[in-house]
Amino acid sequence: MIPSEKKKLVLIASVIAAHWTVAMSMVFINKSLVSGRAPHSDISVFLVWVQNIIGISILILMSFMSSFFKFSWDRPGFDPANLLHPDMIMASVTFTGTLVFNNLMLKYISVAFYQVARSLTLIFVISLSVVILREKITSKVILSCFFIIMGFYIGVDNEILSNGVHLIGVVYAIIASLLAALCGIFFKRIQKNRQLSSVQLTFNNCLISTLGLTPLIFTTSQLDNFFSSSMSDDVTVRMLLLLSGAMSLSMGWLSALQISLTSPLTHNISINAKSVFQTVLAVMWSGESRAWVWWLGNGLVMAGIATYTANKLSFSNTPACNIDVEIPEPADVPLGSVRSNRDK
């Protein structure tokens, strides 16, 4: 192996490892904030609002620093025409809804159940791609949907029987999955129609989300809930909020970098492999034992995802015969899915 190839492999491995670390940390941090440190206070909207403000602040700070340190990057700007574009607004609304319902879901489910709970995202992506984007569907795609639905049913049934999940948490998971699927489609359309840079789209998305959530922060009393609780004086909570906002942006850039070094398909495979590792890690961390039926549900979900991935790989040269819409993770939407669609 020549040195240049070895360096590239090391770079790819480093990026994947960094993405795994940040993505899993985000899930555990959000779980701690909405459940562990706020068991009786709902701060799901407040958390997304703060993370968006932190994201905007980081982007503005980087723009300011680029003037002094002369590093090259796409500076975001304020463009009302792009901000008010219907697809941009819908992308931001569904993105925000995904994060809010994802946080609500984490309040009522375990991290170990996260992969199964959010597995219906792929089902909604396929269904909406057929209905909205007029994509064709194959027998392998139908088979993958069958595996995922069966795995979801078995996993939810076993989790409810073992009192590991509240039914409302499952409802929130389904809503989050639907919004995530819609979000990916709207981001694909806005990127196709407007050809904006990933940084600009991220800035627009965070800005619209922040403005849209501001009235809800007051009408739902979540701002009061936070400042009237012990969390407002907890230095650890403040650090976790700041860290989660920075990680949200970092995941986007790491996703874009991984896709540029490999491919969108490799990125999706990496995400699913990360989810398996995250599930095993969460079970080990909690010290709980899980029944074989629970693992069967997880296995069927992964079998469905693997079947879908294999189908994409088989038809990679004939996109008209295959559903080819990116499946973003909640925090990957701003940069990861946008960059992947542009780099295809």
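User: Is Phe146 buried, partly exposed or exposed, given its 48% relative accessibility?

Analyst: In this predicted model, local features need pLDDT of at least 70 and side-chain atom pairs count only at pLDDT 80 or more, while totals for chains, interfaces and linings use all residues. Residues are numbered from 1 along each chain as its sequence is written, and side-chain values use heavy atoms, with hydrogens and water left out. Buried means under 20% relative accessible area and exposed over 50%, with partly exposed in between (1.4 Å probe, protein chains only). At 48%, Phe146 is therefore partly exposed.

User: How many aromatic pairs does the structure hold, and what geometry do Phe146 and Phe147 adopt?

Analyst: Rings of Phe, Tyr and Trp (its six-membered ring) pair if their centres lie within 6.5 Å; planes under 30 degrees apart are stacked, over 60 edge-to-face and the rest tilted. The structure holds seven such pairs. Phe146 and Phe147 lie 6.1 Å apart centre to centre with 50 degrees between the planes, making the pair tilted.

User: What geometry do Trp294 and Trp295 form, and which of the two is buried?

Analyst: Their ring centres are 4.8 Å apart and their planes stand at 90 degrees, an edge-to-face pair. Trp295 has 35% relative accessibility and counts as partly exposed. At 1%, the buried residue is Trp294.

User: Which residues does Asn103 touch, not counting those up to four places away in sequence?

Analyst: Asn103 is buried because its relative accessibility is 3%. Contact means heavy atoms within 4.5 Å. With that sequence exclusion, Asn103 touches Asn30, Val34, Ser44, Leu47 and Val48.
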